[in-house]
Amino acid sequence: MNTAALAALAVVLAAPLACRRESATSASSSPPSSAAAPPAASAAPRPPSPRLTDPRWRRAAGDDPLELARLAEAEGASGLLAALEDGGDIAHAALRALPYADDADLALGPLAERARAAPVPSLPPLLDALLGVAGRPPRPREPLDPDGARAAAAVLLDLSGRRDLPAEQRAVAISAARALAERGLVDPRRIPADLDPELPGAGAGGGQAPRP
């Protein structure tokens, strides 16, 4: 085979290799297809709570104690605690109804944990609910959640001594702590007394009126 024929054969054999190298280089340098990219996560909006249209919850949105008691009887402490996740008027109705629940003591621990973590503006309804549950007359039965009640007493003791809280909020925490002290869950001597009114004529002696 002469030199010209060999050269021609070399050109023919080299052409496919060059094409393959060019194709590989083009593929490696091209940007990834958008189809291969993972889809962007989209957060679906939370659907409206069915409690918003429930007649029992709508009737309990007012201040009628009878409607709150009916709601508490229907939902129990667990149902009312679950409703706190809805926020807004539903959560406020649940907090007002909790003291009427027969098993309201089950809410002491969860309410106290919420109160511990709550910002100051959100504390009043939680403290009112804690006072309402803690101040209920004792029931002739075994405690439903003694550990939760003790945890609530510790949180209330802490809140009652927080000088960064408004006096009105501390007063509610103090009253709730004293209610639990009557159950033997906290030493009453540890509860702050600086907000108690002074006895008439106590003067510099610092005497304080007992809790009514």
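The chain holds eight helices and zero strands. The model is predicted. From the N terminus on, the elements run α-α-α-α-α-α-α-α. Of the 212 residues, 32% count as buried. Among contacts between residues at least 6 apart in sequence, 62% join residues at least 24 apart.

**Helix α6 against helix α8**

- Helix α6 spans residues 123–134, and helix α8 spans residues 167–181.
- The two pack at an angle of about 20 degrees, with their axes 9 Å apart.
- Angles under 35 degrees count as roughly parallel, so α6 is roughly parallel to α8.
- The crossing of α6 and α8 is left-handed.
- On the α6 side, the contact uses Leu123, Pro124, Leu127, Asp128, Leu130, Leu131 and Ala134.
- On the α8 side, the partners are Gln169, Val172, Ala173, Ser175, Ala176, Ala179 and Leu180.
- By class, the residues of the α6 contact with α8 divide into eleven nonpolar, two polar and one charged.

**Helix α7 against helix α8**

- Helix α7 covers residues 146–160.
- The axes of α7 and α8 come within 8 Å and cross at roughly 145 degrees.
- The crossing of α7 and α8 is left-handed.
- From α7, the contact draws on Ala149, Ala152, Ala153, Leu156, Leu159 and Ser160.
- From α8, the contact draws on Arg170, Ala173, Ile174, Ala176, Ala177 and Leu180.
- The contact of α7 with α8 has ten nonpolar, one polar and one charged residues.
- Ala173, Ala176 and Leu180 of α8 meet α7, and these three residues also meet α6.

**Helix α5 against helix α7**

- Helix α5 covers residues 108–117.
- α5 and α7 pack at an angle of about 30 degrees, with their axes 7 Å apart.
- That angle makes α5 roughly parallel to α7.
- α5 passes α7 in a left-handed crossing.
- Leu108, Gly109, Ala112, Glu113, Ala115 and Arg116 form the α5 side.
- Gly148, Ala149, Ala152, Val155 and Leu159 form the α7 side.
- The α5 contact with α7 has seven nonpolar, two polar and two charged residues.
- Ala149, Ala152 and Leu159 of α7 meet α5, and they also take part in the contact of α7 with α8.

**Arg170, in helix α8**

- Arg170 is found in helix α8.
- Its relative accessible area is 4%. The cut-off for buried is under 20%, so Arg170 is buried.
- Arg170 belongs to the α8 side of the contact with α7.
- Leaving aside neighbours within four places in sequence, Arg170 is in contact with Leu159, Ser160, Gly161, Arg162, Arg163 and Leu165, and also with Pro192, Asp194 and Leu195.

**Asp105, in a loop**

- Asp105 sits in the loop between α4 (88–97) and α5 (108–117).
- Asp105 is buried, with a relative accessible area of 17%.
- Its side chain makes a polar contact with the side chain of Arg183, at 3.2 Å.
- Leaving aside neighbours within four places in sequence, Asp105 is in contact with Val133, Arg136, Leu144, Asp145 and Arg183.
- One of these contacts of Asp105, Val133, has a number within the α6 range of 123–134.

Terms used:
Residues are numbered from 1 along each chain as its sequence is written. This is a predicted model: local features need pLDDT of at least 70, side-chain atom pairs count only at pLDDT 80 or more; totals for chains, interfaces and linings use all residues. Side-chain values use heavy atoms; hydrogens and water are left out. Axes are lines fitted to C-alpha atoms, for helices over the stretch in contact, and angles run from 0 to 180 degrees between N-to-C directions. Helices (H or I, at least four residues) and strands (E, at least two) are DSSP runs, numbered from the N terminus. Angles under 35 degrees count as roughly parallel, over 145 as roughly antiparallel, 65 to 115 as roughly perpendicular and the rest as oblique. A crossing is left-handed if the near helix is turned anticlockwise from the far one by less than a right angle, and right-handed if clockwise. Contact means heavy atoms within 4.5 Å. Ala, Val, Leu, Ile, Met, Phe, Trp, Tyr, Cys and Pro count as nonpolar, Asp, Glu, Lys and Arg as charged, and the others, Gly among them, as polar. Buried means under 20% relative accessible area, exposed over 50%, partly exposed in between (1.4 Å probe, protein chains only). A polar contact is a pair of N or O atoms within 3.5 Å; within protein, one must be able to donate a hydrogen and the other to accept it, and residues adjacent in sequence count only if both atoms are side-chain atoms.
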